[in-house]
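Here is a short briefing to read alongside the model. Take a look at the fold, and then we can walk through it together.

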Amino acid sequence: MSKETVIKQEILKLSIEIASLRYEYEDATKQGLPYSFTSLIAQSICEKERIKKALELGRFKDLPYNVKLLFK
């Protein structure tokens, strides 16, 4: 696969994970779960959004992992 295809797949994967986390966050707030729990979910959403944006913009040095790992 080409590098562009692999990056697009990673972005789609992150989009799905973000959507899932947002659902969990909404569910947790509706259930009235403690702030510490909802805070962890919100932090996960933010981190995934940051990684996704770095991939979209091609800022691979901002990733928490080496982008070359996606190509193997």
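Alanine 42 lies in helix α2, where helices are DSSP runs of H or I with at least four residues, strands are runs of E with at least two, and both are numbered from the N terminus. At 27% relative accessibility, alanine 42 counts as partly exposed, because buried means under 20% relative accessible area, exposed means over 50%, and partly exposed is in between (1.4 Å probe, protein chains only). Alanine 42 and leucine 21 are 21 residues apart in sequence, with their C-alpha atoms 8.0 Å apart in space.

This is a predicted model, in which local features need pLDDT of at least 70 and side-chain atom pairs count only at pLDDT 80 or more, while totals for chains, interfaces and linings use all residues. Residues are numbered from 1 along each chain as its sequence is written, and side-chain values use heavy atoms, with hydrogens and water left out.

**Helix α2**
- Helix α2 covers residues 35-57, which makes 23 residues, and reaches 32 Å from its first C-alpha to its last, close to the 33 Å expected at 1.5 Å a residue; the expected span is 1.5 Å times one less than the number of residues.
- Its buried residues are Thr38, Ser39, Ile41, Ile45, Ile51, Lys52, Ala54 and Leu55.
- The cover over these buried residues includes α1 (3-31), with contact meaning heavy atoms within 4.5 Å.
- Glycine 58 follows α2 and has a positive phi, near 75°.

**Helix α1**
- The 29 residues of α1 should span 42 Å at 1.5 Å a residue, and this agrees with its end C-alpha atoms, which are 42 Å apart.
- Buried in α1 are Val6, Ile7, Glu10, Ile11, Leu14, Ile18, Leu21 and Ala28.
- In return, α2 is part of what covers the buried residues of α1.
- Just after α1 comes glycine 32, with a positive phi of about 75°.

- Isoleucine 11 sits in helix α1 and counts as buried because its relative accessibility is 15%.
- Leaving out residues up to four places away in sequence, isoleucine 11 touches Lys52, Leu55 and Glu56.
- Isoleucine 7 and aspartate 27 are 20 residues apart in sequence and 30 Å apart in space, C-alpha to C-alpha.

**The whole protein**
- The secondary structure comes to 2 helices and 0 strands.
- The radius of gyration is 14 Å, whereas a compact globule of 72 residues would have one near 11 Å; the radius is taken over C-alpha atoms, and the globule rule is 2.2 Å times the number of residues to the power 0.38.
- Along its principal axes, the C-alpha trace spans about 45 × 20 × 20 Å.
- Of the 72 residues, 26% count as buried.
- Among contacts between residues at least 6 apart in sequence, 50% join residues at least 24 apart.
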